[in-house]
Structures are given as C-alpha cells and as structure tokens.
Amino acid sequence: KKKIEAIIKPFKLEDVKEALASVGVEGMTVSEVKGFGRQKGHTEIYRGSEYTVDFLPKIKIEIVLPDNMVNAASEAIVKSAKTGKIGDGKVFISPVENALRIRTSETGEQAV
C-alpha cells in the first residue's frame, strides 16, 4: 500500500477528482491548506501599503492505494493538475505500513 499526497491549485480540484475517478480511485481526503514552494508567495497592496503574502491557498489530496494503482493515480493527478505555470504543486508517494477500517476491523488492503 502507498499513500499519495498531492498539493494542487484550488481551481484544479474538480479536474483532478474526475481524473482519479476515471482510473478507479474511489475515495480521497481533501483539505484546504496554505503553503509556498519556490514561488515564495507574492506581494500585494492593501490600503496603500505593500505587504508580502507568504502562504498561498492550496488543496491537499490524500489517497491510500494498493501498489498496482499508484502509477495510474499519480499520472492522472499530474496530467489534470498541470497548468504549466509556477505553483502547480507536488505529488508525494510514501509507503503505508498498515490500514484499519474502523467499522469492520478489516486490515491491510481490505481496509483501503
């Protein structure tokens, strides 16, 4: 099992959700987060004063999948989230030691 964490631009969420559904992903956790990478935020003027906005709004998608679905899911995220501009986001893939479904006590891949 692997966990995919994707940080994307908020307006890309629907596209990514549809792309993931089309490769068989049935569930995900979505959070509104703030952050910055190499783009380092930007400067805005508010009431005549200039200030730096360090943290930009992003969406974080978390999915736990069997190993055989990870490549298709990560490719679907990249294709559907990409605008070609700075701040498109990142995809992280990490191993998951175990999973438990609370309702049924199933573990491992049956719980995913």
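Modeller: A polar contact is a pair of N or O atoms within 3.5 Å; within protein, one must be able to donate a hydrogen and the other to accept it. Keep that in mind. One more point before we start: this is a predicted model.

Biologist: With which side chain does the side chain of E62 make a polar contact?

Modeller: With the side chain of K3, at 2.9 Å. That distance falls within the 3.5 Å cut-off.

Biologist: Where is the place of E62?

Modeller: In strand β5, which covers residues 56-65. Set aside the neighbours within four places in sequence, and E62 is still in contact with K3, I4, E5, M28, T29 and S31.

Biologist: Let us step back to the whole chain. How many helices and strands does the protein chain have?

Modeller: There are 2 helices and 6 strands. Now put them in sequence order. The pattern reads β-α-β-β-β-β-α-β.

Biologist: What radius of gyration does the protein chain have, and what would a compact globule of 112 residues have?

Modeller: The chain has 17 Å, whereas a compact globule of 112 residues would be near 13 Å. Now look at the spans. Along the principal axes, the C-alpha trace extends about 60 × 25 × 20 Å.

Biologist: Among contacts between residues at least 6 apart in sequence, what share joins residues at least 24 apart?

Modeller: The share is 72% in the protein chain. E32 and K58 are 26 residues apart in sequence, yet their C-alpha atoms are 6.1 Å apart in space.

Biologist: How does one read burial? Does E32 count as buried or exposed?

Modeller: The general idea is a pair of cut-offs: under 20% relative accessible area is buried, over 50% is exposed, and partly exposed lies in between. E32 counts as exposed because its relative accessibility is 76%. Its place is in strand β2, residues 29-35.

Biologist: And K58: buried or exposed?

Modeller: K58 counts as buried, because its relative accessibility is 10%. K58 is found in strand β5. For the whole chain, buried residues make up 32% of the 112 residues.

Biologist: Which residues are partly exposed?

Modeller: K17 is one of them, with a relative accessible area of 37%. K17 lies in helix α1, residues 13-22. Y51 is another partly exposed residue, at 36%. Y51 is found in strand β4, residues 49-53.

Biologist: Backbone angles next. What is phi of S105?

Modeller: Phi is near 65 degrees, a positive value in a residue other than glycine. S105 lies in the segment after β6. S105 counts as exposed because its relative accessibility is 57%.

Biologist: Now the surface. What does the accessible surface of the protein chain come to?

Modeller: About 7,700 Å². Carbon and sulfur atoms account for 51% of that surface.

Biologist: Last, charge. How many positive and negative side chains does the protein chain have?

Modeller: The count is 18 positive and 16 negative. Here Lys and Arg count as positive, Asp and Glu as negative. The centres of the two sets lie 4 Å apart.

Methods. Residues numbered from 1 in each chain as written. Predicted model: local features only at pLDDT ≥ 70, side-chain atom pairs only at ≥ 80, totals over all residues. Heavy atoms only, no water. Helix = DSSP H or I, 4+ residues; strand = E, 2+ residues; numbered from the N terminus. Rg over C-alpha atoms; globule rule 2.2 N^0.38 Å. Buried < 20%, exposed > 50% of the residue type's maximum accessible area, 1.4 Å probe, protein only. Contact = heavy atoms within 4.5 Å. Areas by Shrake-Rupley, 256 points an atom, 1.4 Å probe, with all protein chains shown as cover. Charge placed at Lys NZ, Arg CZ, Asp CG, Glu CD.
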